[in-house]
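Hello,

Here is the structure I promised to pass on to you. Have a look at it first, and then read on for what turned up.

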Amino acid sequence: MIKTGFLTIISVVLTLANTVPVSASKRYNEPIKPIPADMKYDKQKVELGKKLFFDPRLSKSGWLSCNSCHNLAMGGDDNLPSSIGHQWQLGPINSPTVLNAKFNLAQFWDGRAKDLQEQAAGPIANPGEMASSHQLAVATLQSIPSYQSLFEQVYGVKKITINEVTDAIATFEETLVTPNSRFDQWLLGNEKAITQVEKEGYALFKVKGCVSCHNGVGVGGNTYQKFGLVKTYSKDEENLGRYNVTKQEADKYVFKVPLLRNIELTAPYFHDGSVWSLREAVNVMAEYQLGLKLSVPETEKIVAFLKTLTGKQPQIIYPVLPPETVKTPKPDRS
Ligand code: HEC
Ligand code: HEC
């Protein structure tokens, strides 16, 4: 009997510990959660990953780095309808931001990479993006003594493989979070962090149903949903979304719901980059996802709320990259 009572108490304590986050927020029942500010990382690995993120020598031309299309000075994307890759090729799809990407359930618009590490292997070898190969990228790094010693220090390897390269990049990307937005300050109990109009915008975001798809820490990123749920939107034959992965008819035009964190920094919007104004993007969503027409003041209020989601941008000290050697493969523009 005593034993059962004791276990019950333990389980009650555990349940409480699970429902109340350690950094208990005043508004922890809201469908949107604040970005945790205190994350711990392996500093050396992060520094190595940062170098790789900025190193254009991972591309065949020696010209494109991850930062070319995920510019950390511009919200972690390229602010183009679709990206420009090797030999000025125009990509088929808009580049999503790398900021807060760790909160996505999977990576890419169609979720075809399960995590950041798997994702990072993609662009290096994608002929339309960095157009290199894993072999060439690794040979380039291996030819640079100071990279060699960094990989040895961090991973204990003499021979670099693509796994260490993508692991370091992914670890750097995990640090690219944007806590402390005005909205998060409000969630954490600072009543004055957002204005009355912004609060009304958030209320509309919930009442109208936006929050059913855009919720959680990332304000999105945690489900796949059809674009054009109540009304056909896309006649885009090139980008079929989840269908690419599952080959299920029902998954045509189903995309990973984008994060709305820092949304004011990452125009143009949608996977096809077709909309430049946030106001218009909100109206498209209301019409095609919810079958609603918003009044002008309603749209303005929702936009005002969305702008409170801009957080503290990562403070990046531009890395100094080690010089190449005579053994380093030469840039190849072909
Ligand atoms: C030529 C432009 C370009 C380069 C260079 C590039 N990317 Fe991307 N990135 C894109 C595009 C476009 C997508 C979306 C592709 C898709 O979903 O099919 C993307 C998607 C991503 C995503 C997924 C984000 C999400 O919300 O799903 C991450 C993370 C990412 N890239 C990181 C990187 C890293 C790391 C590098 C360097 C190794 C890199 N990218 C290089 C254009 C680029
Ligand atoms: C049924 C799910 C669903 C609902 C409801 C919904 N959205 Fe979306 N939202 C999505 C999906 C999916 C996309 C990506 C569409 C695409 O580009 O293919 C998206 C994209 C967006 C974008 C563009 C993001 C970017 O980075 O390009 C904004 C802004 C947005 N939604 C705001 C809203 C607002 C405001 C509402 C309410 C009026 C809303 N959404 C309702 C699923 C939804």
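**Around ligand 1**

The biggest contribution to the shell around ligand 1 comes from α4, which gives five residues. Please keep in mind that this is a predicted model. α4 spans residues 116-125, and both this helix and α3 (66-69) supply at least two residues of that shell. In total, 25 residues surround ligand 1, and the closest are Cys66, Cys69, Pro96, Phe108 and Pro123.

**The annotated binding site**

There is also an annotation to look at: the unreviewed UniProt entry places a "binding site" feature at Cys210, Cys213, His214 and Met285. These positions are spread over 76 residues of sequence, yet they cluster in space, with a largest C-alpha distance of 11.3 Å.

Two of them may interest you in more detail. Cys213 sits in the loop that runs between α9 (196-207) and β1 (224-226). Beyond its neighbours within four places in sequence, Cys213 is in contact with Gly220, Thr223, Gln225 and Val257. Met285, by contrast, has its place in a helix, α11 (residues 278-290).

Best wishes

Technical notes. Residues numbered from 1 in each chain as written. Chains lettered and ligands numbered in written order. Predicted model: local features only at pLDDT ≥ 70, side-chain atom pairs only at ≥ 80, totals over all residues. UniProt positions renumbered as here; feature names shortened; annotations may be inferred. Helix = DSSP H or I, 4+ residues; strand = E, 2+ residues; numbered from the N terminus. Contact = placed C-beta atoms within 7 Å. Near = placed C-beta within 6 Å.
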